[in-house]
Structure formats: structure tokens, C-alpha cells
Amino acid sequence: MALIDDVFGGVPASLLNDWGYDMTYVKAATTETYNATTGTISGTETSVTVKGLISKLDPKEFRGEAQTTDMKVIIGNAELNDYYPNVRDRLRYTEAGQTREGRIIDVESFRGDSAILHNLIVRPQ
């Protein structure tokens, strides 16, 4: 086990349990099929409830390519069972009493032997 796991491994879960909001992480289907007749793509997505913190995104944090509606979402790794987020996935969250969905456009993971937390750049859809 790496030192970061020993020192910081439990910190994200503790902070997110106290301060985080319930969100739904939607994992894209691992296998998808394309129907050439209808033009549709089908596959089974997996939804996982996670705790996350939404914060303002400074454009400098995302290579200066951020849109004004983009946001940074910090999630832990405990609920994802060592799954690494990717740009095919989405996040559902509540804003002003309405369920909204955002597409993940960038992921930064912090890890030792295993992932500890993930910074996601999310673009509301």
C-alpha cells in the first residue's frame, strides 16, 4: 500500500459523507450495438449513487477551454469500486429542485495504489 493510501485514503469518504450531495453516476454501456436501420445505439448503462461536491470551475483549471456553465465535481472512489470515470459517462444531480444531467468532459484522478478521489469537469446538457 502506498503512503498516500495510508495518510489520505479515508479523507475523501469522510468529507464527502459530511458535506457531499447525493448524485447519480451513470456508467456508459461497456458494449454497445449500432442498428444501421434505425440509426440507434443501444446498450445497458449502470447507475451508481455517489456523494459529490459541486464547485465553480476556474477556466485556468481546464486549459482555458471551459464554458461558463461548466462545473467541477469532486467524487470519491468508494462507491465506484475502483472504476475510473471517463468521458463516456454522465452525472445526474439536483439543481434548484430539478434533476439535471451533465456530460463528463474531463477527469483528473488522484491515487496511490488505488484511486482516492476524482475531479470531474462536467458540462450540463
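Here are some numbered notes on this predicted model, written for a first look at the fold.

1. **Ground rules.** Because the model is predicted, local features need pLDDT of at least 70 and side-chain atom pairs count only at pLDDT 80 or more, while totals for chains, interfaces and linings use all residues. Residues are numbered from 1 along each chain as its sequence is written, and side-chain values use heavy atoms, with hydrogens and water left out.

2. **The barrel.** Start with the overall layout: six strands form a closed barrel in the order β1-β4-β5-β8-β7-β6, with antiparallel pairing. From one strand to the next, the twist averages 45°. (Strands are DSSP runs of E, at least two residues, numbered from the N terminus; two strands pair if DSSP finds at least two bridges between them; the angles come from lines fitted to C-alpha atoms and run from 0 to 180 degrees between N-to-C directions.)

3. **Who sits beside β1?** On one side, β1 and β4 run antiparallel and are joined by seven bridges; look for M23, whose bridge partner in β4 is V50. β1 also pairs with β6 in the antiparallel sense, over three bridges, and here T24 has R92 as its partner.

4. **The β6-β7 hairpin.** Six bridges join β6 to β7 (residues 98-111), again antiparallel. Y93 stands opposite R100 in β7. Two residues lie between the strands of this hairpin, and A96 takes a positive phi near 55° there.

5. **The nonpolar core.** The largest one has 13 residues, and Y25, V50, V73, I75, L91, L120 and V122 have the most contacts inside it. (Such a core is a set of buried Ala, Val, Leu, Ile, Met, Phe, Trp, Tyr and Cys residues joined through side-chain atoms within 4.5 Å; buried means under 20% relative accessible area, exposed over 50%, and partly exposed in between, using a 1.4 Å probe and protein chains only.) β5 (71-76) gives the largest share of this core, three residues.

6. **Salt bridges.** How many are there? The count comes to seven, taking a salt bridge as a side-chain nitrogen of Lys or Arg within 4 Å of a carboxyl oxygen of Asp or Glu. R123 and D70 make one at 2.8 Å, N to O. R123 is in strand β8 and D70 in the loop between β4 and β5, 53 residues apart. Both ends are buried, R123 with a relative accessible area of 16% and D70 at 6%.

7. R90 counts as buried at 17%, whereas E45 is partly exposed at 39%. E101 forms another with R92, the closest N and O atoms being 2.7 Å apart. Salt bridges that share partners join E45, R90, R92 and E101 into one network.

8. K27, in strand β1 (residues 21-27), is buried yet has no salt bridge. The nearest side chain of opposite charge, D89, is 7.7 Å away. (Lys and Arg count as positive, Asp and Glu as negative; His and the chain ends are not counted.)

Conventions: Helix = DSSP H or I, 4+ residues; strand = E, 2+ residues; numbered from the N terminus.
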